[in-house]
Structure formats: structure tokens, C-alpha cells
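Subject: Structure handover

Hello,

Here is the structure I said I would pass on. My notes follow it.

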Amino acid sequence: MEKIAIVTGASGGIGREAAAILRDRGCTVYDFSRSDKPQDGVRHIPCDVTDEASVRAAVDAVIGESGRVDILVCCAGMGISGAVEFTDPADSYRQIDVNLFGTDRAVRAVLPYMRRQRSGRLVMTSSVAGVTPIPFQTWYSASKAAIISYSMALMNEVRPYHVGVAVVMPGDIKTGFTAARRKSAAGNDEYSGRIERSVSKMEKDEQNGLPASYAGKIIAKAALRKRPKPLTSTGFVYSLLCTLAKIMPARFAQWILYQLYAK
């Protein structure tokens, strides 16, 4: 049976690639995003994940047209950078609202339908930064770590209803996300130039990273595979990094991150 898939943030980057792959694999795909950037075979429904009413109206539109929802892929997100000490609380709240609560709003809107049909798949987009938190991208890292915890707990809540949950943790991916990051260099002098050096290094890594299509394939696989891994990263290097972060002493892991992104 043709699966009905919703992808939040499918107007660009990883979300757009995931939507295209799901379409090519026979799904009816809906793009939930604020921007309408047409993609053949993907139906755009205006949606702001920070607005509860907007999310619920978009899901209702899908149910009205298709009668069910089989897959939810949460790719909508944004990033900020800067020192914690100098970050405006409004910016940190916005970061958590979009990445974590935006995911939650979409999940809560589709779950009643998935429970009743006793099937469904929820795929969340976290980040390797959720496992190896990046200095001067603290709030982004915190939002992605929260998505992992949220998803792992949710997995056992919905297991009896045959609703699966999977988390994909991309590493450095070359997308427009880099240019869209809200950067703040406030306090750079006080931190001896380390803020700008750290963010510049991260952005260079991102622009030399894997293509968005690679991450899109992994997300689509998690959405369609009968029994996906609970946690999947993009590629061998990032899988190894996540494994090492779990088994090596925290002091040593933090020293490595300091050398890479905070020195």
C-alpha cells in the first residue's frame, strides 16, 4: 500500500532530499514548511512548526486528503552560535522552540492517527552534536541532545501501538544551513577570538561535508525499513565518533573537543 509521508522542513537541505527519495520510492509526500519551493511530486502545505495551530491544520489537511499518515520525518530546524554568556535568552529559547518543540508539535499532531491505525514511523533529525556537544554552539547541541532523549523515551511509549521511532544524527553536511545559521560574535574579544575561530572551523567542515542527498537516503531508509536502528549517524567516521564518545573517558572526549573547536 502506498505510504503517506509528511516531511517537515522539506523546502531545502536534508529535508528536501529525504522528501524526494520517499517520493521516488512510491510514497505520497507532503512538505510542511513555511516556504513553498516547488518539487515535482511533493505536495506543499504551509506550516510553521513553532505554531501549534499551524501544525495541526496542516496534519488535518493531510488526513482530509489521504485519510491516514504513515510516516513523519522531522527535519525542520535552525541553528545559532555564540558564547553562552553572551547569548540573548530570546535566541536560545527560539533555538529550543524550533528544534525540539517543533518536533514535538508535529509528533503530537500525528500520533493519534498512528495509534488508531496501529502503525506508523516517526523519524527525528538530531545531530552528532547531540552526542559530542560543540563549544560555542551550546544551544544547538542541547536541542539535538534533547531530541535523542525525547525520541528514545517516546519509542517505548508508543511501542504497543506498532509505531516505530528512529533518530538520524547527521555529521557535517553541505547545505544552506551553514549560511542560515544565526551567528553572534558578542564577547569575542573577551574570549580571545575563540568564538569566531570555532564557528569558522565548524562552517569550513560543513561546507566540505557530505552532500545532503547522502543524509536524505539514510533518513528515507529509517522511514521505510521494517526495523531501523534506533540511532543512526551519517557515515563510518561519524558512527565511530559517536561510539568513541560513549566509551572513552569524558575528560578525554572533552579535551579533544577543546582542541578542535574551542582552543
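Where in the chain are F252 and W255, and how many residues apart are they? Both sit in helix α9 (residues 250–261), 3 residues apart, so about one helical turn separates them. Please note that this is a predicted model.

Overall fold. The protein chain contains 9 helices and 11 strands. Its radius of gyration is 18 Å, which agrees with the value near 18 Å for a compact globule of 263 residues. The C-alpha trace spans about 55 × 35 × 30 Å along its principal axes. Of the 263 residues, 51% are buried. Among contacts with a separation of 6 or more, 70% join residues 24 or more positions apart.

Aromatic rings. The structure has 4 aromatic pairs. One of them is Y140 with F177, a tilted pair with 5.8 Å centre to centre and 50° between the planes. This pair links distant parts of the chain: Y140 belongs to helix α4 (residues 138–158) and F177 to helix α5 (residues 177–180), 37 residues apart. Y140 has a relative accessible area of 12%, so Y140 is buried, whereas F177, at 27%, is partly exposed. The F252 and W255 pair is stacked, because the ring centres are 6.2 Å apart and the planes are at 10°. F252 is partly exposed at 43% relative accessibility. Separately, F86, F136 and Y191 form one aromatic cluster.

Regards

Key:
Residues are numbered from 1 along each chain as its sequence is written. This is a predicted model: local features need pLDDT of at least 70, side-chain atom pairs count only at pLDDT 80 or more; totals for chains, interfaces and linings use all residues. Side-chain values use heavy atoms; hydrogens and water are left out. Helices (H or I, at least four residues) and strands (E, at least two) are DSSP runs, numbered from the N terminus. The radius of gyration is taken over C-alpha atoms; the globule rule is 2.2 Å times the number of residues to the power 0.38. Buried means under 20% relative accessible area, exposed over 50%, partly exposed in between (1.4 Å probe, protein chains only). Contact means heavy atoms within 4.5 Å. Rings of Phe, Tyr and Trp (its six-membered ring) pair if their centres lie within 6.5 Å; planes under 30 degrees apart count as stacked, over 60 as edge-to-face and the rest as tilted.
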